[in-house]
Amino acid sequence: MGEELIVNMGPQHPSTHGVLYLELKLDGEVVLDCVPHLGYLHRSMEKIAENRTYTQFIPFTDRLDYLASMNNNLGYCLAVEKLLNVEVTPRAQYLRVIIAELNRVASHLVAIGTFAQDLGAYATPLFYAFSDREKIVELFDELCGSRLTYNYVRIGGLSGDIPPGTDKVIKDFIKYEYKQLVEYNELLTHNVIFLARSKNIGILSKELAQAYSVSGPILRASGVRWDLRKDEPYLVYDKFDFDVCVGTVGDSWDRFKVRLDEVTQSLRIIEQAIEAIPEGNPVSKVNRVFRGTGESYLRTENPRGELGFYLVAEGGFNPYRCKIRSPSFSNLSVLPALIKGLNISDAVCVLGSLDIVMGEIDR
Amino acid sequence: MLINDTQKKIKDKFPSLAVEIVGSALVVPKSSLLEVATFLKNELSFENCHSVTAVDRKDKMEAVYHLYSTSNHIMLTLKVILPMDDLTVESLYLLWPSANWLERETFDFFGIKFLHHPDLRRIMNPDEWTDYPLRKDFKRDDFIPRPQSTGLKG
Amino acid sequence: MIRMFLSGFACLGFIALSAMFLIWWERKISAIIQNRMGPMLTGFHGTLQPIADTIKLLLKEDIAPAGIDFLSWWLAPFFVTVPVVTAFVVIPFSSSWVPYDLNVGVLYICSITSICVLGIFMAGWGSNNKYSLLGGMRSAAQIISYEVPLLLSVLLVVMESGTLSMQGIVHAQEHGWFVFKPHLAIAFVIYLISSTAEVNRVPFDIPEAESELVAGYHTEYTGMKFAMFFVAEYTNMFIVSATAATLFLGGWQGPFLPGVAWFLMKSYFLVFFMMWMRWTLPRVRMDQMMSFAWKLLTPIALLNLLISGWFMLKV
């Protein structure tokens with residue numbers, strides 16, 4: 001048809017979620033080809049890890065997926081604990097589950113809000129989601145004195161016990177959030193325009209998802225019933241009753257819906273966990289500086305997929321090598337295959353539904 | 001022990017290969033990586049290439065693959081030892097498309113050339129750069145490695 | 001002559017005030033919808049915020065990007081603003097307050113506001129920016145296709161009232177607003193939808209499409225040129241609402257209150273309706289919007305026109 005137009009979408013663009021740079025080849029409005037360029041947020045985390053002690057690296061994991069810092073802390077600490085064979089008290093395990101799920105709720109809320117924003121719903125769903133998230137963030141502020149980068153989970157436990165009265169706050173939040181979820185359904189899920197924009201857009205087949213090692217809500221939206229919390233339970237996830245939400249088609253709407261449903265499931269987990277917290281001391285008893293030997297690879301189910309830490313230790317105080325397998329990295333790698341042939345509005349919709357965080361892609 | 005089963009199956013299939021277990025990883029010779037990987041994917045149902053990376057051991061380089069079998073719930077750590085003067089290894093891109101970007105990343109940081117890779121460019125660092133920053137001998141004027149911690153004193 | 005000058009100045013003053021009010025109002029409405037406070041610091045509940053904005057925009061540097069098509073880039077804001085301002089000529093604020101009651105008022109207002117698309121396309125083309133170009137192309141396609149159902153629904157009003165003069169149409173509604181007649185109610189809905197598209201508001205804000213095209217055709221504009229696009233957008237919103245109020249809601253007619261009050265109430269209610277939609281709905285896609293215009297709105301408007309016309313002839 002017409003002349004090819006190369007549009008550089010990003011690194012500064014309202015809907016590339018940070019500093020992703022997509023080189024789009026357009027024919028009119030149809031995307032012919034897409035080449036993602038990464039690295040604008042590269043902070044050489046893995047090199048830093050080699051120059052810090054194990055404990056010193058925990059704050060850096062906050063900066064990977066900055067919307068789910070607790071989950072990153074958790075993933076890293078579990079990997080180190082696996083390396084050192086450290087036992088964690090039951091109370092710490094329950095608290096870890098609670099904060100990880102709270103952070104998952106917060107992260108999914110942001111995903112839902114920004115997805116609606118990408119579809120052109122001006123700011124309203126985003127504000128709703130952020131004001132809900134604000135409650136979680138304030139709670140975390142109470143727990144560890146920080147709103148975004150928590151450094152709360154420590155090797156062998158947590159940095160401190162929860163302040164008294166926290167369970168009441170969490171219970172109130174759960175009650176409030178159930179009401180809010182009804183509102184999201186009314187505002188977005190069955191909105192005709194929203195459906196028209198996201199249904200059957202960017203269909204990710206089961207086979208393609210597995211081939212690209214896609215994980216998390218995106219994989220589940222493609223109809224694969226796979227959740228590490230269920231299939232390879234870590235911490236105490238096997239003690240809770242929750243469902244794995246799956247989609248049917250694997251389109252953008254399914255990815256949105258799976259996230260919305262997962263919020264409900266996370267709230268269910270928190271409800272059960274908060275009733276069953278055992279007494280004890282969750283504070284870490286492990287030395288701040290220690291030596292390790294061997295290798296460990298451990299994955300946890302992050303809000304965006306499976307976060308893996310590959311630690312190699314050679315007896316020093318620092319990790320010899322720390323590879324971070326970030327979920328968004330693999331999830332993004334499927335994007336060029338997904339948006340070829342769609343038009344530019346749909347490309348933005350698909351990118352929004354993938355819910356990437358550049359902090360953990362570039363590391 | 002699941003890794004032993006995997007080793008045994010590979011041994012049965014390729015009796016002449018030196019497949020050994022080092023630590024918790026399966027080490028295969030570089031020349032037969034593609035064969036073994038194809039076997040792992042097609043017959044032992046490791047359908048997921050989770051992560052590709054490398055470890056610089058100063059005298060040699062290890063390319064590390066984490067393969068996952070969703071049906072059997074096995075995470076296999078596959079290693080290939082590369083001599084420092086010949087950092088080339090066959091690309092597994094055709095078996096697992098996810099290896100595409102992961103191999104690019106490994107190339108970017110370690111300089112391992114993945115043969116027959118469709119698009120082996122740097123992924124994070126600037127294209128014109130010639131250094132490989134995650135190697136242990138990486139040196140730059142503005143990069144000063146912190147001295148190894150000596151632990152708590154006194 | 002003096003009367004014309006005076007009404008011209010009055011209209012300009014009204015436009016400035018109305019745009020400022022609408023900007024403040026939109027901020028407040030969006031704030032209420034989103035559980036926020038909105039502007040609160042400048043003046044009582046932020047009433048002076050638009051003035052602060054205007055001063056800021058006036059003081060901004062006027063940046064001209066490299067490689068622009070200078071003439072079209074420079075003229076575009078005027079091509080967008082001037083038609084909107086001149087459209088005020090035929091707006092009847094009350095029985096006597098109308099700058100000039102043209103006997104082809106409806107025709108005039110429809111044709112003069114269509115010139116805006118020229119300005120938008122000039123802005124898109126002249127900016128030497130791909131996002132602007134895409135925005136301009138989208139805008140041209142959108143406005144031209146929504147002009148059809150819009151005109152068809154206006155035509156029905158003209159058929160019903162038998163005049164093209166705005167005042168004449170208001171007078172024709174003395175015994176009941178047009179919106180209460182079923183065939184004109186359909187026309188009213190069509191008019192509302194297509195006028196929303198005409199002024200590029202959500203859910204039809206495709207030319208601007210922040211999340212896709214950054215800011216569409218006015219991406220490269222700064223300072224006062226940007227402000228002119230802004231003022232034109234808000235004034236255009238008022239124009240289409242005022243036209244809708246005149247054509248369908250009985251214009252300045254209403255009990256007790258003076259005509260101006262009724263007219264402004266009706267117009268601003270419609271403006272509020274547009275804002276309400278903007279802060280609630282997502283955006284539709286380009287092709288969905290086009291097929292909506294050509295496959296749904298235009299056929300309905302045509303059928304409506306034919307059937308009502310047949311009834312009018314028969315009765």
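Student: How many residues of chain A are in contact with chain C, and what makes two residues a contact?
Tutor: 27 residues of chain A are in contact with 24 residues of chain C. Two residues count as in contact if their C-beta atoms, placed from the backbone, lie within 7 Å. This is a predicted model, in which local features need pLDDT of at least 70 and side-chain atom pairs count only at pLDDT 80 or more, while totals for chains, interfaces and linings use all residues. Residues are numbered from 1 along each chain as its sequence is written, and chains are lettered from A and ligands numbered from 1 in the order in which they are written.

Student: Why is helix 14 of chain A called mostly covered?
Tutor: A residue is buried if 20 or more other C-beta atoms lie within 10 Å of its own (exposed if 12 or fewer, partly exposed in between; C-beta atoms are placed from the backbone). In helix 14 (residues 344-354), 11 of its 11 residues are buried, so the helix is called mostly covered. Among them are A:Asp346 and A:Leu351.

Student: What is the phi of A:Asp355, which follows helix 14 of chain A?
Tutor: The phi of A:Asp355 is positive, near 55°.

Methods
Helices (H or I, at least four residues) and strands (E, at least two) are DSSP runs, numbered from the N terminus.
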